[in-house]
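Good morning. Please open the structure on your screens, and I will go through it in parts.

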Amino acid sequence: MLINCGSAWDPWTAGRPMTETPEIDPSAVVRNSDFGRYTYLGPRSVVANSELGDYGYAMGDNQIAHARIGKFANLATGVRINPSNHPWWRATLHHFTYRSASHGFSLPDDEEIFAWRRADQVVIGPDVWIGHNAIVMPGVTIGAGAAVGSGAVVTKDVPPFAIVVGVPARVLRPRIDARTAEKLMRIAWWDWPRERIDAALADFRKLDATAFAEKYDQ
Ligand SMILES: CC(C)(COP(=O)(O)OP(=O)(O)OC[C@H]1O[C@@H](n2cnc3c(N)ncnc32)[C@H](O)[C@@H]1OP(=O)(O)O)[C@@H](O)C(=O)NCCC(=O)NCCS
């Protein structure tokens, strides 16, 4: 029996074209966050105090906090960005010492802990691909065009156009050669207007990164 079901739009079936309006699955929760044009947030995701640049998507079961994510981000299911730390130096690890009011204790919530978490922002460059169930730890910066392998735990900054894997994540290899990387950074196609991207679409398809960079780095 052939079955087709699920929500009206999802990137697997792309039942209808995306629009400039962010597509947020009804089961997702978003707080105090900014989504760009043509963005998608999949089922059961939670996003707080974050930005997702134009064309970025997170496929579902994502938890994202205090993150600035560049354009054309590709986040697989289960990716967690910025799992916040508990104040491990205190007598208890439990959050009643800072979420005090919500636990009915006499002190107000401890703003210092929340400010500390906000300061540990994750920054993700444009065109980054993060594989299934990877975790990006607080304070990490991931450079443009980098790829993170599935299941990685990223504890340190990732250079642009690197492929990192493992726990803790280490550079497996550069995705492209250094000269091409420099050219792509100069081209910064991710900042092009939509019409220009559309005009170059055939080249994005048929040229590899080196040939594309050669052609467009004028
Ligand atoms: C990181 C990745 C892009 C590398 O792809 P690749 O270059 O084809 O990698 P290879 O299969 O040639 O593996 C190269 C080495 O890296 C290791 N490796 C690959 N992926 C790994 C991962 N996710 N974690 C740990 N090690 C990994 C391989 O075991 C191999 O190690 P070896 O040289 O010691 O044998 C890919 O493996 C990956 O993780 N992709 C993410 C897929 C995903 O999550 N998709 C979600 C939908 S968007």
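Where is the place of Arg 44? Arg 44 sits in the loop between β4 and β5 (46–48). Before going further, note that this is a predicted model. Arg 44 has a positive phi of about 60°, although it is not a glycine. Is Arg 44 buried or exposed? Its relative accessibility is 52%, and exposed means over 50%, so Arg 44 counts as exposed.

Tyr 55 also has a positive phi, of about 70°, and it is not a glycine. You will find Tyr 55 in the loop between β6 and β7. Tyr 55 brings us to Thr 19: the two are 36 residues apart in sequence, and their C-alpha atoms are 10.0 Å apart in space. Thr 19 belongs to the segment before β1 (23–24). With a relative accessibility of 36%, Thr 19 counts as partly exposed. A polar atom of the Thr 19 side chain lies 3.1 Å from the backbone nitrogen of Thr 21.

Now the salt bridges. How many salt bridges does the structure hold? There are 12. I will take some of them in turn.

One of them pairs Arg 37 with Asp 54, where the closest N and O atoms are 3.2 Å apart. This pair links distant parts of the chain: Arg 37 is in the loop between β3 (34–35) and β4 (40–41), and Asp 54 is in the loop between β6 (51–52) and β7 (57–58), 17 residues apart. Arg 37 is partly exposed, at a relative accessible area of 30%. Why does Asp 54 count as buried? Its relative accessible area is 16%, and buried means under 20%, so Asp 54 is buried.

Next, Arg 118 forms a salt bridge with Glu 111, and here the closest N and O atoms are 3.6 Å apart. Arg 118 counts as partly exposed at 44% relative accessibility. Glu 111 counts as partly exposed as well, at 47%.

Then there is Asp 203 with Lys 206, a salt bridge whose closest N and O atoms are 3.0 Å apart. Both residues lie in helix α4 (residues 201–206), three residues apart, which is about one turn of the helix. Asp 203 counts as buried, with 7% relative accessibility. Lys 206 counts as exposed, with 61%. Elsewhere, salt bridges that share partners join Arg 179, Lys 183, Arg 186, Glu 214 and Asp 217 into one network.

Asp 217 is in the segment after α5 (209–216). Which residues is Asp 217 in contact with, leaving aside its neighbours within four places in sequence? They are Lys 183, Arg 186 and Ile 187. With Arg 186, the side chain of Asp 217 makes a side-chain to side-chain polar contact of 2.7 Å.

On to the ligand. Which residues are around it? Among them are Ala 76, Trp 129, His 132, Ser 150, Val 165 and Arg 173. Two strands, β18 (162–165) and β19 (170–174), each supply at least two residues of the shell around the ligand.

A polar backbone atom of His 132 is 2.7 Å from an oxygen atom of the ligand. For Arg 173, an N or O atom in the side chain is 2.7 Å from an oxygen atom of the ligand. For Ser 150, a backbone N or O atom lies 2.9 Å from a nitrogen atom of the ligand. On its own, the ligand has 900 Å² of accessible area, and the protein covers 42% of that.

Pro 168 is found in the loop between β18 and β19. The peptide bond from Val 167 to Pro 168 is cis, with omega near -10°.

Last, the surface. Which residues make the nonpolar surface patch of about 420 Å²? Trp 88, Trp 89 and Leu 93 make it. Trp 88 is in the loop between β11 (80–81) and α1 (111–119). At 63% relative accessibility, Trp 88 counts as exposed.

That is the end of my part.

Terms used: Residues numbered from 1 in each chain as written. Predicted model: local features only at pLDDT ≥ 70, side-chain atom pairs only at ≥ 80, totals over all residues. Heavy atoms only, no water. Patch = residues over 30% accessible without salt bridge, like charges linked within 9 Å, V, L, I, M, F, W, Y side chains within 5 Å. Areas by Shrake-Rupley, 256 points an atom, 1.4 Å probe, with all protein chains shown as cover. Salt bridge = Lys/Arg side-chain N within 4 Å of Asp/Glu carboxyl O. Helix = DSSP H or I, 4+ residues; strand = E, 2+ residues; numbered from the N terminus. Buried < 20%, exposed > 50% of the residue type's maximum accessible area, 1.4 Å probe, protein only. Polar contact = N/O pair within 3.5 Å; in protein donor to acceptor, adjacent residues only side chain to side chain. Contact = heavy atoms within 4.5 Å. Near = heavy atom within 4 Å.
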